[in-house]
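These are my notebook entries on a single protein chain. I record what I looked up, topic by topic.

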Amino acid sequence: MGHHEETVAGDRCSAAEARYAQRLRAVNSAALAIASELALDKVLQKIVDTARELVAAKYAALGIVDPARRRLVQFIPSGLSTEEIAAIGHWPRGLGLLGELLRESRPIRVKDVAKDPRSVGFPLHHPPMKSFLGVPVAAHGRVLGNFYAGEKIGVEEFDAEDEEILTLFAAHAAIAVENARLYTETDARLREKVNEVERAERRARFLAELGGILPSAPLGKTVALEQIAQRLSEPLGDTCVIYLVDAEHPDQWTHRVGYHVAPARKEAAEAALNAIWPALHRQVVTCRQPVFIPGPDAPALAGDEVDRRVLDEHHFSGLIATPVSTRHHVYGLLASLVSQPASFFPDDLGFALVVAQRLGTALENVQLFHRWQQQRDLLQAIVHFAPAAIAVASVPDFVFDLVNPAYAALRPGIDLLGRRAADAFPELVEQGLFDVLDSVVKTGESFSASDLPLRLRGGNLPPELVYWSFSWVPLRGTAGQVRAVLFVGVDTTEQVNSRARIEALAKEARRRYDELNGLLESLTDGVTIVDASGRYVLLNNLGRQTWDLPSTDEGWTADYLRTLDIRFPDGRPMPFTDLPINRALRGERFTGYEVLYTRRDGTQRRLSFGGSQIRDEHGRVALAITVYRDVTEMRALEQMKEEYVSLVSHDLRSPLSVMLGHADLLRRRLAGLEDERLLKSAEAVFQSGRRLNAMIQDLVDSARLEAGQMELHLAPVSLAALVDEAIKQTIDPAEASRVRIRVEAGALSVLADSERLARVITNLVSNALKYSPSDRLVVVTIGRRDDQAVVGVHDSGPGIAAEALSHIFERFFRAKTSGQAEGLGLGLYIAKMLVSAHGGHIWVKSELGQGSTFSFSLPLAQGSGGRDQESGLRIPNP
């Protein structure tokens with residue numbers, strides 16, 4: 001090498017040294033500059049900007065690593081515009097070359113990033129970058145992060161001097177970062193202490209104010225929930241909501257008040273709380289456990305059931321919910337929310353629990369106060385409206401402190417309050433009652449009287465005798481001394497007089513009962529009276545003998561009759577429901593209802609019953625009465641009579657039949673002769689024999705009907721055809737021409753014995769023809785009323801007097817208007833018995849001079865019907 005070359009080389013070396021020295025000075029200046037800044041975020045940005053300038057890089061960045069050096073937790077860029085930063089979206093997480101630098105913690109220098117096998121490429125929209133220089137930032141042996149420089153300005157790659165300069169600056173940067181972090185942490189701790197003091201001061205102030213807002217005793221009337229929610233939002237969160245639940249249905253809240261520091265967040269708070277209400281109710285109200293979610297990153301100390309995503313969705317970071325309760329009852333819950341990014345502090349939960357407990361106590365006090373008010377109002381109402389006279393008089397002068405209207409009525413027109421009792425009732429002083437009152441005060445024992453007679457003055461009138469039941473009760477003060485006397489009394493004058501009247505009436509009723517009982521015992525009929533339940537109320541001696549009962553009927557009911565052998569007269573067993581006493585209990589009225597009763601000794605008796613009822617004010621059967629007599633001997637006599645009548649009728653009919661036969665023969669033979677006198681004699685003998693035969697038949701039929709021995713052979717019968725046939729067969733053709741049949745309903749059929757029913761029709765039509773003038777018609781109508789067929793026979797005779805109508809169907813009765821009509825008076829009687837035997841009813845309507853209408857009704861046979869029509873059916877002329 002020549003001298004010139006050596007000189008040039010020396011100049012280059014001197015220039016390099018001078019440039020290196022200048023870069024070192026720049027590093028020192030930068031170190032001083034960053035050391036003067038204490039704000040951590042500003043220190044970091046200043047460090048990365050200075051590093052980019054020191055190595056002449058187009059881009060640079062500082063990545064802060066986590067303590068485990070596994071990932072980047074912060075990335076501060078330099079050399080990128082705001083638009084470029086926004087386009088990149090997210091920063092590197094520590095992969096590729098950045099990850100290698102995290103793992104190795106030594107400088108990395110690359111000429112072309114894309115060709116390095118450790119590269120994983122750049123994020124979308126990242127600016128192009130070839131050369132790369134990475135240097136760890138460490139202090140006291142601990143790596144805090146890495147410097148990243150990219151795209152060397154003016155040359156293709158970073159050199160060793162760049163690496164050395166950046167490494168040297170990284171050491172100063174690490175110290176600056178540590179100092180700034182230490183300062184920031186110290187400042188944060190100081191600020192936290194200050195905040196704690198301020199929070200404690202706000203809480204203490206709130207609790208002091210809460211004592212004035214909440215009622216501390218049952219004297220308060222309402223709890224200012226809205227005011228509490230508003231005040232609580234200052235020391236606890238920015239949203240406060242108080243829920244009150246229904247005591248009967250605690251899953252439903254009855255009242256909700258809330259306050260929101262930011263009114264625009266009100267809807268978001270309500271939506272979030274509504275969404276998590278079921279979970280809050282289960283944990284806070286049902287389980288009485290608080291919910292505490294401090295913030296987005298802190299674990300929930302309580303409240304695992306609450307979905308934190310709901311809070312994130314509405315931009316809330318923390319939640320506190322505590323039960324508003326006392327030891328015995330849950331009244332609701334207190335909820336507080338804090339908006340992102342703020343958080344709750346651990347002691348916020350304790351503060352919320354204290355507030356909720358005080359609020360629960362206040363609500364309980366309010367409830368107790370309202371209950372006390374209700375009881376007081378109830379007691380005042382009872383005293384005011386009580387029918388008893390109530391008064392309180394203070395000792396020792398017995399001055400009235402309380403008087404209800406019933407007591408004030410004892411002295412109308414006088415204000416008793418503040419007046420001495422002795423002045424208001426001087427007549428009671430004379431009767432010695434105030435001596436008893438003094439004794440109540442001295443002994444401290446109550447005094448009671450029942451129906452005590454007193455002379456009490458009424459206004460200006462002289463004292464009158466009254467009766468009072470009352471008590472004097474001593475009222476004690478806190479020291480136990482008697483301070484007043486309570487009087488409670490009622491005027492029993494009316495009751496005493498009423499008892500006297502009742503005793504007199506009872507005595508009279510007993511006398512009449514004895515008379516009635518004597519009358520019943522003297523009856524020759526048995527009498528049984530039972531109540532609606534079938535229990536015996538009265539049973540006379542003959543009734544006890546009849547039913548083989550002991551001398552007392554206590555405890556006996558109609559069920560006793562189930563043990564007896566009681567049958568229908570024909571020997572068929574009688575159901576329990578058809579017994580006379582049960583028919584009477586059902587409300588039926590009847591007479592002549594016969595049963596066959598076999599006594600325990602084996603003797604059989606026939607009993608005839610009548611039944612009726614006594615009903616209460618609602619029309620229900622209160623008492624059922626049956627009266628019965630033993631008709632065994634009477635029925636035996638009737639049987640004997642029947643046998644006698646049959647015997648007599650048989651003995652009479654035999655010669656009568658011979659007489660009728662010969663009379664008819666004689667009449668026929670004389671009809672061809674011209675001897676009118678002999679013909680009339682023969683006709684008279686024949687007609688008299690027929691009348692005698694009819695009278696014998698009436699006697700026999702009436703005897704059989706009365707004895708219940710006439711059997712009916714029932715079958716469906718066409719009523720119109722039966723009427724027509726009966727008139728044709730039994731009525732003389734000359735007389736039948738005066739009969740008209742009018743059918744007012746369609747084909748009606750009844751269940752009947754056609755021969756017996758024809759006898760009824762014949763008797764009624766014959767009777768009508770007998771009493772009607774010979775030139776007047778007899779009309780037979782056939783109609784329907786509900787489920788009954790009705791047959792009417794109308795004549796134009798003289799009519800029946802009103803006093804005779806009630807006897808017209810009796811045996812042997814002949815109305816005075818009958819003139820010289822022949823017969824025994826059994827026709828109508830037999831008609832009635834036959835109709836009754838068919839389950840029907842017969843009656844008559846008549847006026848003197850207007851004729852008579854005899855009618856009877858029978859139940860329609862099943863399936864019988866008809867429509868109204870006019871029929872021209874008549875008995876044809878002979």
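Is C240 buried or exposed? I found C240 to be buried, because its relative accessibility is 0%; buried means under 20% relative accessible area, exposed over 50%, and partly exposed in between, with a 1.4 Å probe and protein chains only. C287 is partly exposed, at a relative accessible area of 48%. I then looked for disulfides, taken as pairs of cysteine sulfur atoms within 2.5 Å, and the count came to zero.

Basis of the entries. I note that this is a predicted model, in which local features need pLDDT of at least 70 and side-chain atom pairs count only at pLDDT 80 or more, while totals for chains, interfaces and linings use all residues. Residues are numbered from 1 along each chain as its sequence is written, and side-chain values use heavy atoms, with hydrogens and water left out.

Whole chain. I looked up the secondary structure and found 23 helices and 28 strands; these are DSSP runs numbered from the N terminus, helices being H or I with at least four residues and strands E with at least two. Of the 878 residues, 41% are buried. The accessible surface comes to about 49,000 Å², and carbon and sulfur atoms hold 54% of that; the areas come from the Shrake-Rupley method with a 1.4 Å probe. Among contacts (heavy atoms within 4.5 Å) with a separation of 6 or more, 58% join residues 24 or more positions apart.

Helix α7. I examined α7, residues 266-286, and found a kink of about 60 degrees at W277, shortly before the proline P278. The bend at a residue is the angle between axes fitted to the seven residues ending there and the seven starting there. W277 is itself among the buried residues of α7, which also include L273, I276 and L280. The cover over these buried residues includes strands β6 (239-245) and β7 (253-260) and helix α8 (308-313). After α7 comes R288, with a positive phi near 60 degrees.

I checked the length of α19 (residues 719-730): its twelve residues should span 16 Å at 1.5 Å a residue, and the end C-alpha atoms are 16 Å apart, which agrees. The expected span is 1.5 Å times one less than the number of residues. The buried residues of α19 include L719, L722 and I727. I727 is also one of the residues that touch the most other members of the largest nonpolar core, which has 46 residues. Helix α21 (residues 754-771) gives the most to this core, with eight residues. Such a core is a set of buried Ala, Val, Leu, Ile, Met, Phe, Trp, Tyr and Cys residues joined through side-chain atoms within 4.5 Å. Leaving aside neighbours within four places in sequence, L757 contacts L719, L722, V750, A752, F856 and L858.

Backbone exceptions. Most residues other than glycine have a negative phi, and most peptide bonds are trans. I found a cis bond from Q340 to P341, with omega near 5 degrees, and another joining V395 and P396, with omega about 10 degrees. P396 lies in the loop between β11 (389-394) and β12 (399-403). A56 has a positive phi of about 55 degrees and sits in the loop between α2 (40-54) and β1 (57-65). E151, in strand β5 (residues 142-152), has a phi near 65 degrees and is partly exposed at 23%.
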